[in-house]
Amino acid sequence: MESKNFSNHIELKNIKINDNFWNNYIELVRKEVIPYQYKALNDEIDGAEKSRCIDNFIKASKSVKNIREGKNVPVFPVDKWEYNDENSDEKSFKGWVFHDTDIYKWLEAVAYSLQNHYDEFLFNEAIKCIDLICSAQLDNGYLDTLYIINDRNKIFTDLRDKHELYCFGHLAEAAVAFYNATGNDKLLKATCKFADLICDIFNENGKRGYGGHEIAELALVKLYNATGKRKYLETAKFFINERGKKPYYFDLEKGYDRKDNSNDYFYNQAHTQPVNQKEAVGHAVRGVYLYSGMADVARAYNDDRLFNACKSIWDNIENKKLYITGGIGSTVDGEAFTFDYDLPNDLAYCETCASIGLMFFARRMAEIEPDSKYANVMERALYNTVLSGMAEDGKSFFYVNPLEVLPEACHKDSRKSHVKPVRQKWFGCACCPPNLARLISSIGEYCCTESNENIFIHLYIGSEIKSDKADIKIISDYTDSGKVAFDIKCKKDFTLALRISDTCKGFDISLPYTEKKGYAYIKINSDTLIDIQFDFPIRLIKCSNLVRENIGKVAVMKGPVVYCIEEADNGKNLQLLRLCENPDFRYDKPYIIAHGKRERVDTSLYSEYKSPEGEECEIKFIPYCKWGNRGENEMSVYIRI
């Protein structure tokens with residue numbers, strides 16, 4: 001690894017998004033999604049599952065106050081994943097063990113949104129939340145409402161399942177983001193106090209454990225970058241190095257004596273040490289959070305072995321376990337990666353959070369190694385699965401993002417009950433909506449990075465970028481016409497590196513360039529105008545023939561956008577549609593129209609084969625991210641040819 005080539009994302013305060021496509025999403029998050037989610041966290045959405053998140057912090061704050069006053073504080077069991085009114089006392093913690101993270105992700109989204117557009121009311125509401133969170137912190141720095149409310153004596157006794165380090169990770173991300181956005185350091189100080197406690201407990205002379213649900217690793221690196229306290233970086237490295245060592249820490253804390261490599265080790269990516277891992281396994285969100293932390297630590301320590309493990313895992317995801325929509329995690333069983341080329345359409349899980357985590361991993365890899373393959377996948381996930389996770393009004397969400405939906409099967413077939421034909425108002429396990437809000441609000445940080453010599457453009461989103469090298473204005477019509485223009489006010493000599501999308505048939509750049517690993521490098525030494533024209537024809541994309549479900553089928557793409565067909569446009573029984581040999585595609589923004597045939601319904605369960613008869617028809621495709629906004633109806637990404 002050549003550290004001189006490392007780049008860093010440009011801070012959000014130095015990027016102003018101004019893009020016809022993305023302005024709407026950013027404003028939707030600010031005006032609708034963030035306020036709506038705050039109501040959900042306060043259990044104020046009629047007909048939605050209760051969150052209990054804010055209420056838990058209120059309970060924890062009262063417990064801390066009573067502890068300080070020497071009063072008796074009750075003890076409740078800490079033996080469940082989810083605590084509800086039927087299985088727990090009314091005064092105990094309620095919800096899933098990781099519920100604290102919902103308010104942390106909300107605060108992180110608020111922090112990014114405040115940098116895009118300052119909102120006094122939103123800032124004040126965030127401060128109220130921070131005050132509440134800090135009032136729930138124990139004097140030694142510990143901060144997790146499950147244990148503070150239910151049983152202080154059981155703290156850090158079930159790292160595999162109870163998510164304390166996961167909750168800390170999201171707290172740290174929120175604290176750093178809010179401090180960077182506002183300069184208010186109250187939450188950052190509280191987080192550092194908790195981090196100091198973690199560093200004191202987890203080390204080679206203390207507990208040699210690590211979290212069952214990863215994210216503390218990348219969060220500790222963020223905290224190190226924000227504070228300069230090296231022990232945070234060292235603890236991130238410690239967690240990564242300890243994971244997967246035998247005897248397994250998770251077995252030691254449970255009192256198990258197992259000799260086999262049980263499946264649950266894979267679920268937590270603890271089947272072997274990360275430096276030896278070559279394949280993406282287990283729970284997909286946990287996986288990409290770990291791989292992001294691995295990349296951070298590999299970079300910080302210039303660790304070639306760890307980075308090579310990241311590269312092997314990346315290649316396995318990109319080439320054998322990635323849906324065309326940028327979704328990952330193909331099975332509901334463990335929300336997990338399965339085996340190579342196992343990419344079912346109607347059973348797909350593709351959790352929204354998993355694609356967001358994949359973007360985290362992609363950005364870090366691109367910062368270490370300038371290769372367009374990372375941003376290509378980041379772009380694919382962003383424009384398809386990530387955006388699919390939220391309705392156009394910002395008030396309902398998908399947790400699962402399938403590639404084929406038959407509503408009747410969702411309701412009547414338990415194997416497909418995880419697939420919802422319409423977005424939900426909220427979830428009891430509500431990790432995805434606030435994750436979406438924080439990702440979209442911080443999208444500027446994924447657009448570009450800079451090193452000592454270069455500025456890399458990874459995503460072609462209209463924006464104004466300020467750097468010590470130049471002020472760059474990007475005018476983008478990338479997803480429609482493929483045109484992008486740069487107006488560069490040069491401050492000192494540098495090289496601009498422009499990603500060449502893997503979804504274009506060709507491209508034209510108005511200035512001379514050299515191409516390397518999917519980037520066009522242009523020397524800049526004065527004020528400069530650059531025009532790019534990407535050729536984004538409508539394309540038919542096939543899977544490897546090892547993907548059994550899609551033999552004889554194709555997906556339709558234009559640029560990075562995957563299209564699908566819906567019953568609302570094409571009638572029932574989408575499986576009867578097929579494209580003509582010459583579909584004669586027509587682009588009618590945002591739709592694609594094609595010539596096809598509809599096979600006649602055959603109600604005979606079995607009959608002698610003969611060539612199917614069909615009637616000519618027009619087939620209408622919509623962007624995958626827009627499906628499910630017109631009520632329950634069939635949907636399919638892949639279509640017969």
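Predicted model: local features only at pLDDT ≥ 70, side-chain atom pairs only at ≥ 80, totals over all residues.
The lining of the largest cavity has 13 residues, and nearest the centre I noted Glu108, Tyr112, Lys222, Phe360 and Tyr446. Sorted by class, I get seven charged, five nonpolar and one polar residues in this lining. The space in the largest cavity is about 100 Å³. My count of cavities of 30 Å³ or more came to four.

Next I turned to the largest pocket. I looked up its volume, which is about 730 Å³. There are 22 residues lining the largest pocket, and His9, Asn180, Lys222, Asn225 and Arg363 are the closest to its centre. Which elements give two or more residues to this lining? I listed strand 1 (8-9), helix 3, helix 6 (164-182), helix 8, helix 12 and helix 14. The class tally for the pocket lining is ten charged, seven nonpolar and five polar residues. I put a mark beside Lys222, which is among the residues nearest the centre of the largest cavity and among those closest to the centre of the largest pocket.

Then on to helix pairs. I took helix 2 (residues 53-68) and helix 3, whose axes come within 8 Å and cross at roughly 110 degrees. Angles of 65 to 115 degrees count as roughly perpendicular, and therefore I wrote down helix 2 and helix 3 as roughly perpendicular to each other. Where do they touch? On helix 2 I found Cys53, Ile54 and Phe57, and these meet Asp100, Asp102, Ile103 and Tyr104 of helix 3. This contact has five nonpolar and two charged residues, with no polar ones.

My last pair was helix 9 (residues 230-242) with helix 12 (residues 284-300). Their axes come within 10 Å, and the crossing angle is roughly 125 degrees. That angle makes helix 9 oblique to helix 12. I also looked up the hand of the crossing, and helix 9 passes helix 12 in a left-handed one. From helix 9, Leu233, Ala236, Lys237 and Ile240 meet Leu290, Gly293, Met294, Val297 and Ala300 of helix 12. By class I noted seven nonpolar residues in the contact of helix 9 with helix 12, plus one polar and one charged.

Terms used:
Residues numbered from 1 in each chain as written. Heavy atoms only, no water. Axes fitted to C-alpha atoms, helices over the stretch in contact; angles between N-to-C directions. Helix = DSSP H or I, 4+ residues; strand = E, 2+ residues; numbered from the N terminus. Parallel < 35°, antiparallel > 145°, perpendicular 65-115°, else oblique. Left-handed = near helix turned anticlockwise from the far one by under 90°. Contact = heavy atoms within 4.5 Å. Nonpolar A, V, L, I, M, F, W, Y, C, P; charged D, E, K, R; others polar. 1 Å grid on protein atoms, 1.4 Å probe; cavity = no way out; pocket = protein on both sides within 12 Å on 5 of 7 lines; lining within 4 Å. Points joined across faces, edges and corners; volume = space filled by probe spheres on them.
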